[in-house]
Amino acid sequence: MKKIRKFIFGSAFAVLAAGALVTAPLAAGPETAQPTKRPFARGDRMFGPFSGAPLITIALNHKSELNLTTDQVAKLEQIKSHYQAQVTPLSQQLQTIEKDIAGLMQQTPANLIQIKTKIQETEKYRSELRYLRLEALENGRSVLSAQQQDQLKTLVRSRHENFRGSQGQPS
């Protein structure tokens, strides 16, 4: 009897956990829901997926250590603002579609054909956002010399290691 009860409770827990995993992304919104706050902060970076600030922002924040010229700073700021201008409307559209999907999911029965169409539409926006991010990072890389790129890698690794070390310590 105890084994059956454990099995039932275990199964119920697994079903609830799976349901939470499926609905959590809908409640949380799209991965790029807040483009104006940190548009470079997600996904692929100039030198890999490090956590923390976007690489172009890190480069601008460490312009003296990287010995950036005023021309380089201006170009990086231009790349960043151009990227933000491109990403903001796409992210807003993506957010709207995600809300539409959440609304369609609330209907009983859910219209799976409409939901599938909306999901496919979101993927088009996500791929465009990903491309724009990579384009901005490549443009940012082209502004920096090889030495500056190496210095930036070192700064990012240092930030990453400091961040990981601080998470292991009690606050």
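**Exercise 1.** Is Arg-141 buried, partly exposed or exposed?

*Solution.* The model is predicted. Step one: the relative accessible area of Arg-141 is 26%. Step two: buried means under 20% and exposed means over 50%, with partly exposed in between. Arg-141 is therefore partly exposed.

**Exercise 2.** Find the salt-bridge partner of Arg-141 and state how the two residues are placed in their helix.

*Solution.* The side chain of Arg-141 meets that of Glu-138 in a salt bridge, at 3.0 Å from N to O. Both residues lie in helix α4, three residues apart, so about one helical turn separates them. Glu-138 is partly exposed, at 42% relative accessible area.

**Exercise 3.** Which residue forms a salt bridge with Glu-98, and which helices hold the pair?

*Solution.* Glu-98 pairs with Arg-126, the closest N and O atoms being 2.6 Å apart. Glu-98 is in helix α3 and Arg-126 in helix α4 (residues 112-143); they are 28 residues apart, and the pair links distant parts of the chain. At 8% relative accessible area, Glu-98 is buried, whereas Arg-126 is partly exposed at 24%.

**Exercise 4.** How many salt bridges does a search of the whole structure find?

*Solution.* The search finds five.

Conventions
Residues numbered from 1 in each chain as written. Predicted model: local features only at pLDDT ≥ 70, side-chain atom pairs only at ≥ 80, totals over all residues. Heavy atoms only, no water. Salt bridge = Lys/Arg side-chain N within 4 Å of Asp/Glu carboxyl O. Helix = DSSP H or I, 4+ residues; strand = E, 2+ residues; numbered from the N terminus. Buried < 20%, exposed > 50% of the residue type's maximum accessible area, 1.4 Å probe, protein only.
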